[in-house]
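Me: I am new to this structure and would like to learn how to read it. Can you take me through some features one at a time?

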Amino acid sequence: MVDIKKLSNGLTVITEKMDYVYTVSIGVYVKVGSVDENEKNNGIAHLIEHMLFKGTTKRTSRQLADDMARIGGNVNAYTTKDCTSYYATTLKEHLPTTIEILFDMLHHSTIEEEALETEKCVVMEEIDMYDDSPEDLAHEMLQKEIWKDHPLGYIISGTDENVENLSRQEILEFISKFYVAKNMVISVAGNFDEEEVFQLLEETFGTIEAGEERTQLEAPVYHKCIYTKEKDVEQVHLNIAYDCLKYDHKDKYKLSILNSILGGNINSRLFLAIREDHGLTYSIYSYGSAQTTAGLFHIYAAMNPSQVETVIDLIFVEIDNLIQNGITEDELTMTIEQIKMDLLLASESAKNRMGSNAKAIINRGYTIPIEEVLEQLNQVTVEDIVGFAKEYLVKEKASFSLVGNLQDISIDNIKKKMSFK
């Protein structure tokens with residue numbers, strides 16, 4: 001059962017007891033990401049995530065690493081467009097130590113100049129690594145072009161230039177503004193004592209300044225666009241994107257089912273038609289990328305440059321076929337059962353429950369019981385899926401990116417296929 005409480009300073013704590021598991025997962029989610037940045041400091045949230053592992057007033061970076069190893073070594077972090085998460089999975093008896101370590105990192109990090117300059121180099125290597133990944137580029141740069149000057153389009157890691165120019169003072173001011181109680185959610189799931197955990201969190205995180213929750217940005221405007229980049233690689237990486245649903249849209253269950261049918265697994269239409277029947281690509285799939293205020297639906301494929309136009313044609317053939325001829329009741333039932341199985345399997349993991357509970361609170365302010373999710377899925381009809389596809393998968397509104405060996409590809413032909421004027 002999910003329980004939601006607040007510490008004395010307003011910090012939200014969400015817990016879910018799972019006595020049948022051996023472990024417990026805890027995550028501290030700070031409502032800050034690249035959407036809270038500007039052109040000058042883009043990348044600062046991600047750099048801070050790195051720096052909080054580099055030493056505190058009571059631990060050096062080596063001591064932090066050693067203490068993390070003593071509780072199982074599963075302390076990690078990530079930054080997204082709208083939140084930064086610091087999380088760990090450990091045994092019940094190590095949870096008090098885990099809470100203390102996370103609190104020490106988030107509240108007592110020193111952000112020393114020497115460590116900052118060293119870590120900037122690490123982050124810039126990470127940025128260069130992503131730049132070497134055509135699949136990542138095809139996704140990230142397309143989103144950047146679609147959302148244009150809106151912060152939702154910012155690359156999470158920022159640029160080499162931005163990262164190199166960030167000062168210690170800017171970082172401290174950013175932490176002071178966003179790393180406050182009312183801008184945090186702590187999620188705990190697994191085998192633990194609820195009363196003990198809440199008391200420990202009150203003694204530690206309950207001492208953080210209350211502050212103010214960040215101001216929600218206005219939704220961005222979708223811009224139909226293309227992005228192309230020549231890369232010296234064997235394949236061409238294609239990403240098609242449609243304006244779609246934000247995180248908590250009422251039609252999210254329809255999207256989940258449509259995605260699964262179209263390209264969400266190895267039994268999907270795109271996979272079977274383009275990879276299995278025609279052998280034109282090793283990798284092809286669809287996915288949604290939903291944020292609090294906006295979302296996109298993507299179709300990705302990687303192929304030999306000579307097959308790009310054919311693959312694009314076949315993608316739209318499959319979409320048109322779904323819209324014109326619909327899906328069968330059997331296909332719908334099979335897909336719903338697959339999704340339900342995935343959801344129930346994920347719900348048996350303390351780490352998954354911890355993460356999904358936190359994201360639900362951050363993005364919508366409440367959780368939805370899994371029983372209700374399953375019921376909502378069961379209510380989706382064939383007509384719902386076809387209607388959703390007609391509304392959102394409109395070729396004339398689609399954007400696309402191409403990254404790879406583009407020398408022999410006619411971008412003008414592809415623009416015509418995708419109804420660019």
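Reply: Let us begin with one residue. At 42% relative accessibility, Glu337 counts as partly exposed. Keep in mind that this is a predicted model.

Me: Which residue does Glu337 meet in a salt bridge?

Reply: Its partner is Lys340, with 3.0 Å from N to O. Lys340 has a relative accessible area of 16%, so Lys340 is buried.

Me: Where do Glu337 and Lys340 lie?

Reply: Start with the general idea. An α-helix has 3.6 residues a turn, so residues three or four places apart point the same way. Now the case here. Both Glu337 and Lys340 belong to helix 12 (residues 329-347). They are three residues apart, about one turn of the helix.

Me: How many salt bridges does a search of the whole structure find?

Reply: The search finds 21. One of them joins Lys31 and Glu213, whose closest N and O atoms are 2.6 Å apart. Lys31 sits in the loop between strand 3 (23-30) and helix 1 (44-51), and Glu213 in the loop between helix 8 (194-203) and strand 7 (226-230), so this pair ties together parts that are 182 residues apart in sequence.

Me: Which residue forms a salt bridge with Lys417?

Reply: Asp313 does, and the closest N and O atoms are 2.9 Å apart. This pair also links distant parts of the chain. Lys417 is in helix 16 (residues 411-417) and Asp313 in helix 11 (residues 308-325), 104 residues apart. Lys417 is partly exposed, with a relative accessible area of 21%. Asp313, at 34% relative accessibility, counts as partly exposed too.

Me: Which residues are linked in a network of salt bridges?

Reply: Look for Lys58, Arg59, Asp67, Arg70, Glu100 and Asp104.

Me: Where is there a patch of negative charge on the surface?

Reply: Find Glu125, Asp128, Asp131 and Asp132, which gather in such a patch. Take Asp132 as an example. Its place is the loop between helix 4 (113-131) and helix 5 (134-147). With 57% relative accessibility, Asp132 counts as exposed.

Me: What about covered parts? How many residues of helix 9 are buried?

Reply: Nine of its 11 residues are, so helix 9 (residues 252-262) is mostly covered. Among the buried residues are Tyr253, Leu255, Ile257 and Leu258. Lys252, Asn259 and Ser260 are on that list as well.

Me: Which helix holds Val311, and is Val311 buried or exposed?

Reply: Val311 is found in helix 11. At 0% relative accessibility, Val311 counts as buried. You can also read a distance from Val311.

Me: What should I know about phi?

Reply: The general idea comes first. Most residues other than glycine have a negative phi. Now look at Ile111. Its phi is positive, about 50 degrees, although Ile111 is not a glycine. Ile111 lies in the loop between helix 3 (95-108) and helix 4. It counts as buried, at 2% relative accessibility.

Me: What is the phi of Ser419?

Reply: It is near 65 degrees, a positive value in a residue other than glycine. Ser419 is found in the segment after helix 16. At 26% relative accessibility, Ser419 counts as partly exposed.

Me: Now the whole chain. How many helices and strands does the secondary structure come to?

Reply: Count 16 helices and 11 strands. The radius of gyration is 23 Å, close to the 22 Å that the globule rule gives for 421 residues, so the chain is as compact as a globular protein of that length. Its C-alpha atoms fill a box of roughly 60 × 50 × 35 Å along the principal axes. Buried residues make up 54% of the 421 residues.

Methods: Residues numbered from 1 in each chain as written. Predicted model: local features only at pLDDT ≥ 70, side-chain atom pairs only at ≥ 80, totals over all residues. Heavy atoms only, no water. Patch = residues over 30% accessible without salt bridge, like charges linked within 9 Å, V, L, I, M, F, W, Y side chains within 5 Å. Areas by Shrake-Rupley, 256 points an atom, 1.4 Å probe, with all protein chains shown as cover. Salt bridge = Lys/Arg side-chain N within 4 Å of Asp/Glu carboxyl O. Lys, Arg positive; Asp, Glu negative; His and termini not counted. Charge placed at Lys NZ, Arg CZ, Asp CG, Glu CD. Helix = DSSP H or I, 4+ residues; strand = E, 2+ residues; numbered from the N terminus. Buried < 20%, exposed > 50% of the residue type's maximum accessible area, 1.4 Å probe, protein only. Rg over C-alpha atoms; globule rule 2.2 N^0.38 Å.
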